[in-house]
Amino acid sequence: MSLISQTPQWQALRQHREALGEVRMRDWFAADPGRAERMTREVAGLVVDYSKTLVTDATLALLLDLARAADLPGWRARLFAGAPINGTEGRAVLHVALRNRANRPILVDGEDVMPQINAVLARMERFVARVRSGEWTGYTGKRIRDVVNIGIGGSNLGPKMVCAALAPYGGDLPRVHFVSNVDATHLVETLSGLDAETTLFIVASKTFTTQETMTNANSARDWLLAALGDASAVARHFVAVSTNAERVSAFGIDTVNMFEFWDWVGGRYSLWSAIGLPIALSVGFERFIELLEGAHAMDEHFRSAPLEENLPVLLGLIGIWHTNFCAAPTHAVLPYDQLLRLFPAYLQQGDMESNGKRVTRAGEAVDYGTGPVVWGEPGTDGQHAFYQLIHQGTQLVSADFIGAARSHYALGDHHTKLMANFFAQTEALMRGRTQDEALAEMRAAGLDEAQAQALAPHRTFPGNRPTTSILMERLTPFTLGALIALYEHRIFTQGVIWDVNSFDQWGVELGKQLASVILDELRAAQAGVEHDASTRSLLEHYLRLRGASAPG
Ligand code: F6P
């Protein structure tokens with residue numbers, strides 16, 4: 001197949017972009033009182049307004065033509081049917097099955113996966129009930145007070161983000177902690193203050209080979225054994241979540257205490273599987289199911305709504321417009337909800353590991369931009385850090401604003417102020433301020449004409465910064481599930497248009513391979529001769545600075 005950029009639909013979008021010329025969103029709003037209503041949709045508890053983006057109705061129509069040219073409906077059908085759409089790994093991609101609350105049969109190689117999913121959910125439910133009730137005790141008979149999830153990437157970011165987001169639903173016990181970095185600081189600081197007798201470790205790794213996770217898991221086991229002094233304690237204090245029973249058992253965890261998932265669950269799409277165990281431990285199994293239900297509601301919408309009404313499709317296409325036709329190289333995710341503070345970091349893996357690709361599914365180099373850099377921080381902190389660049393810098397940044405109408409914490413007028421900032425920022429980014437408006441404001445404030453003229457360029461805002469606003473009544477397990485699924489399907493939509501495999505991650509391999517070579521050299525305190533001059537010299541400096549006492 002030729003590149004998507006060679007299609008008439010892509011070319012039509014290019015011409016349309018040229019014909020649009022300089023966009024003035026405020027004029028669009030003035031001329032079209034129905035714009036906001038037409039470009040706002042409510043799905044699964046989320047109100048999404050994309051009217052402050054750089055699209056017209058004609059743009060959307062052309063983008064929808066592009067989606068059809070890329071056979072988005074066909075790819076969507078194959079996703080839900082369990083076809084092996086992860087071509088380079090020959091795997092189905094079935095995170096949607098994990099939250100298929102309708103329990104509709106979904107076949108992989110002719111076998112319905114729902115019974116195995118339901119069986120693991122039932123095991124999770126029993127285990128969570130035992131830990132939360134205190135029935136599951138540690139080796140010395142004490143109740144579990146702290147759970148430490150050891151995992152990285154998808155085995156960390158998703159559950160960690162959700163646990164933070166749903167903190168108001170968590171009870172006192174157990175407290176859930178996350179260790180991901182191989183940097184000893186992470187494990188040591190997390191364990192300091194914890195009591196081995198009342199601590200449960202979840203070793204979460206799809207492959208059970210990931211260096212960081214296995215190193216942390218081994219050190220955690222040493223910590224436990226040093227305190228409890230008996231290898232049989234491991235069975236009461238370690239459980240595993242993995243696809244690899246053999247490795248789990250080789251580590252010393254009884255596979256009775258292993259919660260399984262499957263190779264058709266991608267790491268960054270796995271929080272819905274047993275990888276979500278820390279979520280269920282933290283907020284209870286019922287809440288975990290509500291999370292799945294929210295995602296399922298969004299799945300049903302994505303699966304069945306016509307493209308022109310389909311929210312993940314529309315947001316994906318608008319993202320394509322901004323990336324490929326409006327030259328926005330990055331996309332900011334700005335939660336106006338402190339509970340969602342980890343959402344941008346979670347999405348970085350979700351989006352950038354999925355669509356940070358440079359060849360098509362057929363292996364041909366693309367000649368267009370693919371996944372943008374995704375970044376962000378919660379409002380209002382971001383306003384006092386990087387919003388300056390979004391408002392007046394030279395790069396176009398598209399942004400998503402996410403907020404709730406009601407806070408979990410009723411404290412004075414904090415929430416009203418927070419949301420006033422949300423709305424003000426999206427309005428300011430859209431409207432901007434013309435030079436004439438800036439001048440008029442300064443004159444009204446009594447500045448003399450020379451001063452006003454000198455300051456005017458600095459106080460002018462170009463506006464036309466595209467934002468999408470996502471509002472919900474309150475951040476609940478259900479709305480959070482829907483929100484995450486919205487982004488997952490947005491990522492899927494974009495991957496289909498860009499014709500990349502959104503479900504592999506070969507790009508993380510090279511660094512891993514080189515690290516293992518260098519690890520051997522550092523252990524032997526001898527830099528290899530094969531390296532480039534810079535790497536070799538850095539290794540030598542490192543060995544010199546480290547001194548004779550080589551660590552393990
Ligand atoms: O970063 C690469 C990656 O393979 C991710 O895709 C994955 O989420 C992470 O490593 C952890 O992998 P595992 O769950 O197998 O330890």
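K357 counts as buried, at 16% relative accessibility, where buried means under 20% relative accessible area, exposed over 50% and partly exposed in between, computed with a 1.4 Å probe on protein chains only. The model is predicted, so that local features need pLDDT of at least 70 and side-chain atom pairs count only at pLDDT 80 or more, while totals for chains, interfaces and linings use all residues. Residues are numbered from 1 along each chain as its sequence is written, and side-chain values use heavy atoms, with hydrogens and water left out.

The side chain of K357 meets that of D504 in a salt bridge (2.9 Å, N to O), a term for a side-chain nitrogen of Lys or Arg within 4 Å of a carboxyl oxygen of Asp or Glu. Because D504 lies in the loop between α21 (477-498) and α22 (509-523) and K357 in the loop between α16 (343-355) and β11 (373-375), the pair ties together parts that are 147 residues apart in sequence; helices (H or I, at least four residues) and strands (E, at least two) are DSSP runs, numbered from the N terminus. D504 is buried as well, with a relative accessible area of 5%.

Within helix α14 (residues 285-304), R303 and E300 lie 3 residues apart, about one turn of the helix, and form a salt bridge whose closest N and O atoms are 3.2 Å apart. R303 is partly exposed at 32% relative accessibility, and E300 is partly exposed at 22%.

A further salt bridge joins the side chains of R130 and E135 (3.2 Å, N to O); R130 is partly exposed at 30%, whereas E135 is exposed at 52%. Over the whole structure, the search finds 28 salt bridges.
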